[in-house]
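Good morning, everyone. Please look at the sequence and the structure on the screen, and then we will walk through them together.

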Amino acid sequence: MNYESAYLIALTRVLPYQSQVQQQLLDAVGSATALYEMRNKLRDAIPDISDRLVEVVGQMSGHLSRAEQELEFAQKNGIRVIARSDDDYPARLRECPDAPTLLFYRGTADLNSRHMLAIVGTRKATDYGRGFCEHFLRELAQLCPDAIVVSGLAYGIDIQAHRQALQNGLPTLGVLAHGLDQIYPRMHRQTAVEMLNQGGLLTEFMSGSTAEKLNFVARNRIVAGITDATLVVESASKGGSLITARIANEYGRDVFAVPGRVGDATSAGCNQLIGESRAQLLQSAQELTEMLGWATAKAEQQPIQRELFPELSDDEKIIYNALKDSEGKNLNRLTVETNIPIGQLTGLLFDLEMHGVVRRMSGGTYRLIV
């Protein structure tokens, strides 16, 4: 048994929905194994820890049997258990303060793929929304065939996005609000099975977890955090897709919305996002690839020679090489490719702008100045 994973599962069970507190404890002692071993003398390592947390951490031992069962279930069903400290944990998601401590994943898609887009919307999709998904994903497959489409496998826009991605050969990832021992809603099971070979299914919830209301909000933060941008296709004035858009805004990710007619209830949320400048108006995949710097066409240009900038630091040279021969890349893609944390990366990019090496383009992308 992988004891570190077992202790992490136990930690998530004694502190459910509190990933930030979980991470603070792990940062303080170094690992879940260390946390478990010193559970009865935590004040030695964390003097200011609350009595409540001391009590809760002391209960981890009571969850080890269930953790072992979960690890056996994962092994038997080809499920990867990915800790936040693992190299293959989604780098974009790790940058989010409330990122899950553990993820359960089954599929073939690279969770650190260069291009990842969330597509969300109302469960009561209209012909307009379904038609947009069909046209948009057909165009996206031509412009950026390695893009991963992420959604929540729900009714309406979510399932339409997954199915159109599959139909056009794009990998698609479903983020679930329950464990991998079930599919909700059941009528989407066949689509979910197809996604295992062309994308995958991802969750932070153990087997046996049901689709509780709180789980959907938690699921939405993964959808927003694991992707470069979120596209809202149709939404009423309230709903889960607007929550996902808000979280994406808070994470500093790009948000796009498809405009609809004034008075259409299913477009009210999208029009509101655009009107309040919380989302950029989007009408095509061509616009999206240009704004995110995903365009595949290479412009004819004379490459900048690195020796022209001998004053660059090692980290700045890493950024330079990541942008070389590129039409531009956004912040999330750069942090994945350079392995430089977003906070540090933004400062380095600012310095490079001041030195006339890079330029910030529309949509938050960066490119080298020729």
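Start with Phe136. Its relative accessibility is 1%, so Phe136 counts as buried. Buried means under 20% relative accessible area; exposed means over 50%, and partly exposed lies in between, with a 1.4 Å probe and protein chains only.

Some ground rules. This is a predicted model, in which local features need pLDDT of at least 70, side-chain atom pairs count only at pLDDT 80 or more, and totals for chains, interfaces and linings use all residues. Residues are numbered from 1 along each chain as its sequence is written, and side-chain values use heavy atoms, with hydrogens and water left out.

Back to our residue. Which ring pairs with Phe136? The structure holds four aromatic pairs. In one of them, Phe132 and Phe136 are stacked, with 5.5 Å centre to centre and 20° between the planes. Rings of Phe, Tyr and Trp (its six-membered ring) pair if their centres lie within 6.5 Å; planes under 30 degrees apart count as stacked, over 60 as edge-to-face and the rest as tilted.

Why are Phe132 and Phe136 about one helical turn apart? Because they are four residues apart in helix 8, residues 127–143. Helices (H or I, at least four residues) and strands (E, at least two) are DSSP runs, numbered from the N terminus. Phe132 counts as buried too, because its relative accessibility is 12%.

Other rings next. Tyr3, Tyr7 and Tyr36 form one aromatic cluster. Over the ring of Tyr36 sits the charged end of Arg39, 3.8 Å from the ring centre. Arg123 has its charged end over the ring of Phe216, at 5.8 Å from the centre. The rule here: NZ of Lys or CZ of Arg is within 6 Å of the ring centre and within 35 degrees of the ring normal.

Now follow helix 8 to a neighbour. The axes of helix 8 and helix 14, residues 285–292, come within 8 Å and cross at roughly 45°. Axes are lines fitted to C-alpha atoms, for helices over the stretch in contact, and angles run from 0 to 180 degrees between N-to-C directions. So helix 8 is oblique to helix 14. Angles under 35 degrees count as roughly parallel, over 145 as roughly antiparallel, 65 to 115 as roughly perpendicular and the rest as oblique. Phe136 turns up again here: helix 8 makes the contact with Phe136, Glu139, Leu140 and Leu143, and helix 14 with Ala285, Gln286, Leu288 and Thr289. Contact means heavy atoms within 4.5 Å.

Nine strands form an open sheet, in the order 1-2-6-5-4-3-7-8-9, with mixed pairing. Strand 1 (80–83) and strand 9 (280–281) are the edge strands, and each pairs on one side only. Two strands pair if DSSP finds at least two bridges between them.

How many bridges join strand 7 to strand 8? Four, and the two strands, residues 229–232 and 254–257, run parallel. Ala229 stands opposite Asp254, and Leu231 has Phe256 as its bridge partner. In a regular strand the side chains alternate between the two faces of the sheet. Strand 8 is covered on both faces: Asp254 and Phe256 are buried on one side, Val255 and Ala257 on the other.

What lies across this sheet? Helix 8 lies across strand 3 (116–120), strand 4 (148–151) and strand 7, at about 170° to strand 3. Helix 12, residues 240–250, has buried residues including Leu242 and Ile247. The buried residues of helix 12 pack against strand 3, helix 11, strand 7, strand 8 and helix 13 (268–275). Just after helix 12, Gly252 takes a positive phi of about 80°.

There is also an open sheet of three strands, in the order 10-12-11, with antiparallel pairing. Strand 10 (329–330) and strand 11 (358–360) each have a single partner strand, so one side of each is left without a neighbour in the sheet. Three bridges join strand 11 to strand 12, residues 365–368. Helix 15, residues 314–323, lies across strand 10, strand 11 and strand 12, at about 90° to strand 12.

Last stop: Pro47. Buried or exposed? Exposed, because its relative accessibility is 62%. Pro47 lies in the loop between helix 4 (42–45) and helix 5 (51–57).
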